[in-house]
Amino acid sequence: MTLAPEAKQTILDSIRDIPDFPKPGIVFKDITTLLANPKAFQTLMDHLEARYRERGLDYIAGIDARGFIFGAALADRLGIGFVPVRKKGKLPYTTVAEKYSLEYGFDEVEVHIDAFGENGQCNGKPAEVLLVDDLIATGGTAEAAANLINKVGANCVEACFVMELMFLKGREKFEMPVYSVLQID
Ligand code: AMP
């Protein structure tokens, strides 16, 4: 499913670059301006819906917090369930956790143990899950989230991002398909 160059440009133009946030040397990709732009947001969601409509997915899993926005909107369009992959300590029921490395130290993501059904099973087979986030940088966060989905018995079939920072080669961490709408050099 290809995205026309003009549509790609509409989405790209709606994202704001914030230099030196949250620290010097980082160019933060601000998607609040995309969300506030109905044409850009709809262009993006039309494309994602077309790409995933016939895939037979059972769930979308979105990464805390911007992955919730795109992931939940896509789940609603596809008529399937949405599962939040949350930062540690936010989910109220029994959770399964996965640690991942940051530049200094580590962080942890969690899902409810039954988020994709008992043992992650849907109609007697592992639930097919699409992982969604706004951006892939090193890929560490998404790798942990994908591991978590598989750990509770479901099957993470693809990871999907609005943006991919190509120079960090985050996709190399994954054996499963990785899709990005916009590739940033
Ligand atoms: P990583 O684990 O290195 O792939 O980092 C991905 C996570 O950090 C995603 O949840 C992004 O929302 C966030 N992130 C990393 N770099 C940026 C950036 N330059 N602009 C906006 N968000 C970023």
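Reader: What does Phe21 count as at 44% relative accessibility?
Author: The model is predicted, and its values are computed. Buried means under 20% and exposed means over 50%. Phe21 has 44% relative accessibility, so Phe21 counts as partly exposed.

Reader: With Phe21 and Phe28 as a pair, which kind of aromatic pair is it?
Author: A pair of aromatic rings is described by the distance of the centres and the angle of the planes. The ring centres of Phe21 and Phe28 are 5.3 Å apart. Planes over 60 degrees apart count as edge-to-face. The planes of Phe21 and Phe28 stand at 85°, so the pair is edge-to-face.

Reader: How far apart are the ring centres of Phe68 and Phe82?
Author: Phe68 and Phe82 form an edge-to-face pair, with 80° between the planes. Phe82 is partly exposed, at 27% relative accessibility. Centre to centre, Phe68 and Phe82 are separated by 6.1 Å.

Reader: The bond from Phe21 to Pro22: is this peptide bond cis or trans?
Author: Most peptide bonds are trans. Pro22 lies in the loop between strand E1 and E2. Omega from Phe21 to Pro22 is near 0°, and the bond is cis.

Reader: Which residues does the cis peptide bond with omega about 0° join, where Ala65 is one of them?
Author: Ala65 has its place in the loop between E3 and H4. The cis bond joins Asp64 and Ala65.

Reader: Is phi of Asp20 positive or negative?
Author: Most residues other than glycine have a negative phi. Asp20 is found in the loop between E1 and E2. Phi of Asp20 is near 60°, which is positive.

Reader: Is Asn123 buried or exposed?
Author: Asn123 sits in the loop between strand E7 and strand E8. Phi of Asn123 is near 50°, a positive value in a residue other than glycine. The limit for exposed is over 50%. Asn123 has 78% relative accessibility, so Asn123 counts as exposed.

Reader: Is Ser14 buried or exposed?
Author: Ser14 is in the loop between helix H1 and E1. Leaving aside neighbours within four places in sequence, Ser14 is in contact with Thr33, Leu34, Asn37 and Ala40. The limit for buried is under 20%. Ser14 has a relative accessible area of 6%, so Ser14 is buried.

Reader: What distance separates the C-alpha atoms of Glu175 and Val157?
Author: Glu175 lies in the loop between E10 and strand E11. At 87% relative accessibility, Glu175 counts as exposed. Glu175 and Val157 are 18 residues apart along the chain. Their C-alpha atoms are separated by 9.9 Å.

Reader: Which element gives the largest share of the lining of the largest pocket?
Author: The largest pocket has a volume of about 1,000 Å³. It is lined by 29 residues, and those closest to its centre are Phe28, Arg66, Leu135, Ala137 and Thr141. Elements that give two or more residues to the lining include strand E2, helix H5 and strand E10. The largest share, 4 residues, comes from E9.

Reader: How many residues of the lining of the largest pocket are charged?
Author: The lining has 15 nonpolar and 5 polar residues. The charged residues number 9.

Methods:
Residues are numbered from 1 along each chain as its sequence is written. This is a predicted model: local features need pLDDT of at least 70, side-chain atom pairs count only at pLDDT 80 or more; totals for chains, interfaces and linings use all residues. Side-chain values use heavy atoms; hydrogens and water are left out. On a 1 Å grid over the protein atoms alone, a cavity is a set of points where a 1.4 Å probe fits but cannot get out, and a pocket is an open set with protein on both sides within 12 Å along at least five of seven lines; lining residues have an atom within 4 Å of a point. Grid points are joined across faces, edges and corners, and a volume is the space filled by probe spheres set on the points. Ala, Val, Leu, Ile, Met, Phe, Trp, Tyr, Cys and Pro count as nonpolar, Asp, Glu, Lys and Arg as charged, and the others, Gly among them, as polar. Rings of Phe, Tyr and Trp (its six-membered ring) pair if their centres lie within 6.5 Å; planes under 30 degrees apart count as stacked, over 60 as edge-to-face and the rest as tilted. Buried means under 20% relative accessible area, exposed over 50%, partly exposed in between (1.4 Å probe, protein chains only). Contact means heavy atoms within 4.5 Å.
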